[in-house]
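Dear colleague,

Please find below the structure that I am handing over to you. My notes on it follow directly after.

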Amino acid sequence: MSRLRVAIQKSGRLSERSQEVLKSCGLKFARSKDKLFWYGQDFPVDLLLVRDDDIPRLLLDGVCELGIVGENIAMEVMLERDGRDQLHCLRKLGFGHCRLSIAVPEERGCASISELQGMRIATSYPELTRHLLKEQNVQATIVELSGSVEIAPGLGTADAISDLVSTGTTLRANHLRELDVLFRSEAALYGRIDGISAAKRELLDRLLARLEGVMQAAESKYVMLHAPREALQKITELLPGVEHPSVMPLEGSDRIAVHAVCGEKVFWEHLEALKAAGASAILVLPVEKMLA
Ligand code: ATP
Ligand code: ZN
């Protein structure tokens, strides 16, 4: 029988959420503590646990069909291969958010990226950095480092850095100032799926449909409320991402019950606006699963 292989990060920032998202698609694995291969039970999808940097190459080399990795790494490897080999981004996964930013020493009076012309920039993402700077007509000397990029300016080996940032704490600790964002990244499911067999394609489609359901459910809320009948149109407009709510009469009352799945985030501001439009007994519930 056909099976699919998904590569995920073994340990690091993406590993836990990568496992979680696959588990919420109904995948179960016979895991072995130190082994790099987890066998998929019930659903024929197996896991390969590796370093995140290896994931795009494993896909391109045909070792696995799918992989969960940051867009930063996928882009770097695709550029490295000069666009000859393409991976498909099948679904962004809503975690692992970070940005590739240019940072300079705090005391450096540099106001924009254009002033980096001809300077030395330390980075672990040489291809992506070179490519994005070139798009802004900046030609810099790339100093490639595999780690601890943030200490390069202090050591005098670079004038600026291009590094991943999420909170900025590391930059501040090293007296660096974020000058500009080059690229925004999050974890995504990538595939090398051209020319796979029909049986694998069918498996992939089932997995993607489940994943879509999981992602939509995570973003959706089920909202229930009571409202005056004449306020229905106004209430519908105020429910984020809703066109056709379910409307039910309330026994012995001239008010109605309105139920709807909101496809977008529901904030306190939405609830306050609904209340102001006459709604009461407003409940917001999480959605666990969804299949369109
Ligand atoms: P590995 O041992 O698998 O090579 P690593 O040290 O290269 O691990 P992590 O630090 O776990 O990788 O980061 C994995 C991914 O998490 C990054 O490629 C990036 O997409 C994302 N990420 C999110 N926030 C950050 C951050 N603040 N710094 C670095 N990466 C981040
Ligand atoms: Zn890595």
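How do the residues of the shell around ligand 1 divide into nonpolar, polar and charged? In this predicted model, the shell holds five nonpolar, seven polar and four charged residues.

May I first set out the chain as a whole. The protein chain is divided into domain 1 (4-95 + 187-217), domain 2 (98-185) and domain 3 (220-286). Between the C-alpha centres of domain 1 and domain 2 the distance is 29 Å. These two domains also touch: eight residues of domain 1 are in contact with nine residues of domain 2.

Ligand 1 lies between domain 1 and domain 2, because both of them give residues to the shell around it. The space that ligand 1 takes up is the largest pocket.

As to the surroundings in detail, 16 residues surround ligand 1, and the closest are Arg-13, Arg-51, Asp-53, Asn-72 and Ser-166.

- Asp-52 has a polar side-chain atom 2.8 Å from an oxygen atom of ligand 1.
- For Asp-53, a polar side-chain atom lies 2.7 Å from an oxygen atom of ligand 1.
- Asn-72 likewise places a polar side-chain atom 2.7 Å from an oxygen atom of ligand 1.

On its own, ligand 1 has 630 Å² of accessible area, and the protein covers 77% of this.

With kind regards

Conventions: Residues are numbered from 1 along each chain as its sequence is written. Chains are lettered from A and ligands numbered from 1 in the order in which they are written. This is a predicted model: local features need pLDDT of at least 70, side-chain atom pairs count only at pLDDT 80 or more; totals for chains, interfaces and linings use all residues. Side-chain values use heavy atoms; hydrogens and water are left out. A residue is near a molecule or strand if one of its heavy atoms lies within 4 Å of it. A polar contact is a pair of N or O atoms within 3.5 Å; within protein, one must be able to donate a hydrogen and the other to accept it, and residues adjacent in sequence count only if both atoms are side-chain atoms. Accessible areas come from the Shrake-Rupley method with a 1.4 Å probe; for residues, only the protein chains shown count as cover. On a 1 Å grid over the protein atoms alone, a cavity is a set of points where a 1.4 Å probe fits but cannot get out, and a pocket is an open set with protein on both sides within 12 Å along at least five of seven lines; lining residues have an atom within 4 Å of a point. A molecule sits in a cavity or pocket if more than half of its atoms lie within 2 Å of its grid points. Ala, Val, Leu, Ile, Met, Phe, Trp, Tyr, Cys and Pro count as nonpolar, Asp, Glu, Lys and Arg as charged, and the others, Gly among them, as polar. Domain bounds come from an automatic or database domain assignment. Contact means heavy atoms within 4.5 Å.
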